[in-house]
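Hello, and welcome! Let's explore this structure together through a few questions and answers.

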Amino acid sequence: MSRYDRLAHTSSVRRVQQEMGSATAARRRLREPAEEAEPLNGTAADFIRSLDGFLFASVGETGWPYIQFRGGPPGFVHVLDEHTLGYLDVRGNRQYITTGNVRGNDRVALFFLDHARQTRLKLFGRATAVPADEHPVLAERLDSPRTEGRVEQLVTVRVEAFAWNCPNHITPRFTRRELSDALGPVHDRLARLERENAALRAELAARHRPLPPPRGAYDAHDRRPKD
């Protein structure tokens, strides 16, 4: 995406591209003007809604980056419009490093990764983190779905640019829910086969059960007829 490339491909990055022989391809991506914030398209919005977590990177006053994981049920990150993401932040370890960083520098990077589909989306944005009671209407909109826990803040991210990342080297991994959905039919079939197997065993056992001796048969010891 040209807007993302303009923000990411700094002069230092371009020098490295020149050294590594990829500057020509990079220049082709930078030809289109991209000064305005890039709107999310439907594919990106649906991808974000489908995930149960993402990585949130901010920068502190020392100049050092800080990365934090944010998780919840699929859809806890709401796409409010084509330029804005939002979610309710719940109480954690109470260090508030990301919140402090955002208040000092609102530039952030978000990284959305789907191991199962081997897909990842990277995003630049400007974030705010304020008490949820300052915007009760928006807080109510973000309440379902949301991460379980005591809500402390309302976080919004104004999207500046995004880009799909190369799928190479993403190890396929699956959540419990994904495995349960995929293996549900297999478990049902195994249960059905086990029931059929038990019924066949019972039928075979009944066929091979010895018959009782007929009335009047002789005992092997006294040779007297049995009643």
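Q: How many residues lie between strand 3 and strand 4 in their hairpin?
A: First, a word on the source: this is a predicted model, where local features need pLDDT of at least 70, side-chain atom pairs count only at pLDDT 80 or more, and totals for chains, interfaces and linings use all residues. Residues are numbered from 1 along each chain as its sequence is written, and side-chain values use heavy atoms, with hydrogens and water left out. Helices (H or I, at least four residues) and strands (E, at least two) are DSSP runs, numbered from the N terminus. Strand 3 and strand 4 make a hairpin, and the number of residues between them is 2.

Q: Which residue of strand 4 is the bridge partner of valine 79?
A: Two strands pair if DSSP finds at least two bridges between them. Strand 3 (residues 78-81) pairs with strand 4 in the antiparallel sense over 3 bridges. The bridge partner of valine 79 in strand 4 is leucine 85.

Q: Which residue of strand 7 is the bridge partner of glycine 86?
A: Strand 4 also pairs with strand 7 (residues 151-164), in the antiparallel sense and over 7 bridges. In strand 7, the partner of glycine 86 is threonine 156.

Q: What is the order of the strands in the open sheet?
A: The sheet is open, has 7 strands and shows antiparallel pairing. Its edge strands are strand 2 (65-71) and strand 3, each of which pairs on one side only. Read across the sheet, the order is 2-1-5-6-7-4-3.

Q: Why is strand 4 largely enclosed by the rest of the structure?
A: Buried means under 20% relative accessible area, exposed over 50%, and partly exposed in between (1.4 Å probe, protein chains only). Thr84, Gly86, Leu88 and Val90 point one way from strand 4, while Leu85, Tyr87 and Asp89 point the other way, and all are buried. Strand 4 (residues 84-90) is largely enclosed because the buried share of its residues is 7 of the 7.

Q: Which residues touch the most other members of the largest nonpolar core?
A: A nonpolar core is a set of buried Ala, Val, Leu, Ile, Met, Phe, Trp, Tyr and Cys residues joined through side-chain atoms within 4.5 Å. In soluble globular proteins, nonpolar side chains tend to be buried together. Of the 25 residues in the largest core here, those touching the most other members are Leu40, Ile48, Phe56, Leu85, Leu110, Phe112 and Leu123.
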